[in-house]
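Welcome, and thanks for opening the viewer. Keep the selection tool at hand, and we will walk through the model stop by stop.

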Amino acid sequence: MGRMSRRAFTLAALSTVVTAPTVATAQSAAAAFRWPRARSEMRGVWVATVSNRDWPSRPGLTADEQRAELIGHFDRAVRDRLNTVVFQVRPTADALWPSPFEPWSEYLTGTQGEDPGWDPLGTAVREAHARGLELHAWFNPYRIANHTDLTRLAPWHPARRHPEWVVPYGGKLYYDPGLPEVRAFVRRAILDAVVKYPVDAVHFDDYFYPYPVAGQTFDDDEAYAAYGGGFPDRAAWRRDNINRLVREIAAGVKLIRPRTRFGISPFGVWRNASTDPLGSDTRAGVQTYDDLHADTRRWVREHWIDYIAPQVYWNIGFAAADYAKLVDWWADVARGTGTRLYIGEALYKAGAAGQPPAWQDPAELSRHLTFAAAYPQVRGHVFFAATEVATDPVGAMARVVADHYGQPAGPPR
């Protein structure tokens, strides 16, 4: 099936009304850049836009100022011999591209729905590829807002048009993953970007059902009553809801752009061994399978996703969740599956106040890469996040570059 006919088929199947503009493919952009050596590994950095965490530095900057800041992050990635930028383009049920489904993000102008006067995602793809970087578009599927006031959303926001889709929880607003119409909408909103831009990957982080908040209940009673029949309990139904989204996004990405990948970066602990003998030798207070209803191990073992980048955000020897034990566990999970394993690294903890003594040592992060290199399943690392890559307050990133990134490497294909 030809590329345009494939896209036409996909759009019809997804019941979306979007048009793919004429753009260079990711493959042709990559072909214009030649890595100087054959080695390939993931060397990534997250650029978080929610609450202006990494970019833009504040809302309301001019288009030129925003563009310059973004390019600055890309140039820093190149200087540190990284090869992939994971750019957050849908932080809170909004968009950093002109979407027909959701409003412009407030983190650009300070007002949700206000046109910033340029196309951040389109620019990011173009500027990343011009520098030999891959651009992974990062989407948060269910978070609507970091507050509970629907009236603060743009007047035409889908959550205001469909308040029955919305669940307030923990001081925030979420779409209800148990509603089929929510899942269909989220799929359309995300795949619109894949149709329009030659992104190298679609990326989810660790947010599915929200992290537990003590004393509060995520109120999905109506959805469970309507759609939970046939499941042994609510938790199994919730996991199925997330599994369905993962499979549908994976299928949609492959139909639209067969060479674009789909990757997820979950919380680092699937289940503790005390809960499940298949789990890791950890004592984590959160388990993705039980608390976020995300069966991350299954996604890897059944190769539903192209890569997984678990957030192993603890130091070597940390009692409750030892970096070394978790890398070993994830390597075993990924072995023989075809799902690539990258390790999410907590650069933001290096030198940070209140962190354990190990994180005050600038060499801790470099030791992580040395340890993980013994596992052939580990194909690279992703660092959280761009602000710390740029400022590197205690020199931890500089140490990683000196010890491990002496030469450029192409991203895994």
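How many residues has helix 12, and how far does it reach from its first C-alpha to its last? Select residues 323–334 to find out: helix 12 has twelve residues and reaches 16 Å, close to the 16 Å expected at 1.5 Å a residue. Before going further, please keep in mind that this is a predicted model.

**Stop 1**

Nine of its twelve residues are buried, so helix 12 is largely enclosed by the rest of the structure. To colour them, pick Tyr323, Ala324, Leu326, Val327, Trp329, Trp330, Ala331, Val333 and Ala334. Now bring up what covers them: the cover includes helix 11 (296–301), strand 9 (307–308), strand 10 (340–345), helix 13 and strand 11.

**Stop 2: Phe371 and helix 13**

Next, select Phe371, which sits in helix 13. Is Phe371 buried or partly exposed? With a relative accessible area of 27%, Phe371 is partly exposed. Leaving aside residues up to four places away in sequence, Phe371 touches Ile316, Tyr323, Ala324 and Val327. For a sense of scale, draw a distance from Phe371 to Pro120; their C-alpha atoms are 37 Å apart, and 251 residues separate them in sequence.

**Stop 3: helix 13 meets helix 15**

Helix 13 brings Leu365, Ser366, Leu369 and Thr370 to the contact, while helix 15 brings Arg399, Val400, Asp403 and His404. By kind, these contact residues divide into three nonpolar, three polar and two charged.

Now look down helix 15 alone. Its buried residues are Ala396, Met397, Val400, Val401 and His404. They cover an arc of only 140° around the axis, which puts them on the same side of helix 15. Covering them are, among others, strand 1, helix 13, strand 11 (378–383) and helix 14.

**Stop 4: helix 3, end to end**

Move to residues 63–79, the 17 residues of helix 3. At 1.5 Å a residue they should span 24 Å, and the end C-alpha atoms are 24 Å apart, which agrees. Colour the buried residues Ala63, Gln66, Leu70, Ile71, His73, Phe74 and Ala77. Why do they line one face of helix 3? Turn the view so that you look down the axis: the buried residues fall within an arc of 145°, so they line one face of the helix. An α-helix has 3.6 residues a turn, so residues three or four places apart point the same way. On the face turned away from the buried side of helix 3 you will find the exposed residues Asp64 and Arg79.

The cover over the buried side of helix 3 includes strand 1 (42–47), strand 2 (84–90), helix 4 (106–109), helix 5 (120–130), strand 3 (134–139) and helix 14 (386–391). Keep helix 5 on screen: its axis and that of helix 3 come within 11 Å and cross at roughly 35°. This crossing of helix 3 and helix 5 is right-handed. Arg67, Leu70, Ile71 and Phe74 of helix 3 make the contact with Pro120, Thr123, Ala124, Glu127 and Ala128 of helix 5. The contact residues here divide into six nonpolar, one polar and two charged.

**Stop 5: a buried aspartate**

Jump to Asp176, in the loop between strand 6 (172–175) and helix 7 (180–196). Asp176 is buried, with a relative accessible area of 5%. Beyond residues up to four places away in sequence, Asp176 touches Trp165, Val167, Val182, Phe218, Asp220 and Ala223.

**Stop 6: backbone details**

Most residues other than glycine have a negative phi, and most peptide bonds are trans. Here are some places to check against that:

- Trp55 and Pro56 are joined by a cis peptide bond, with omega about -20°; Pro56 lies in the loop between strand 1 and helix 3.
- Phe384 to Ala385 is also a cis peptide bond, with omega near 5°.
- His293 has a positive phi of about 60° and is buried, with a relative accessible area of 6%.
- His303 has a positive phi near 55° and is partly exposed, at 37% relative accessible area.

Conventions:
Residues are numbered from 1 along each chain as its sequence is written. This is a predicted model: local features need pLDDT of at least 70, side-chain atom pairs count only at pLDDT 80 or more; totals for chains, interfaces and linings use all residues. Side-chain values use heavy atoms; hydrogens and water are left out. Helices (H or I, at least four residues) and strands (E, at least two) are DSSP runs, numbered from the N terminus. The expected span of a helix is 1.5 Å times one less than its number of residues. Buried means under 20% relative accessible area, exposed over 50%, partly exposed in between (1.4 Å probe, protein chains only). The arc is that of the directions from the helix axis to the C-beta atoms. Contact means heavy atoms within 4.5 Å. Ala, Val, Leu, Ile, Met, Phe, Trp, Tyr, Cys and Pro count as nonpolar, Asp, Glu, Lys and Arg as charged, and the others, Gly among them, as polar. Axes are lines fitted to C-alpha atoms, for helices over the stretch in contact, and angles run from 0 to 180 degrees between N-to-C directions. A crossing is left-handed if the near helix is turned anticlockwise from the far one by less than a right angle, and right-handed if clockwise.
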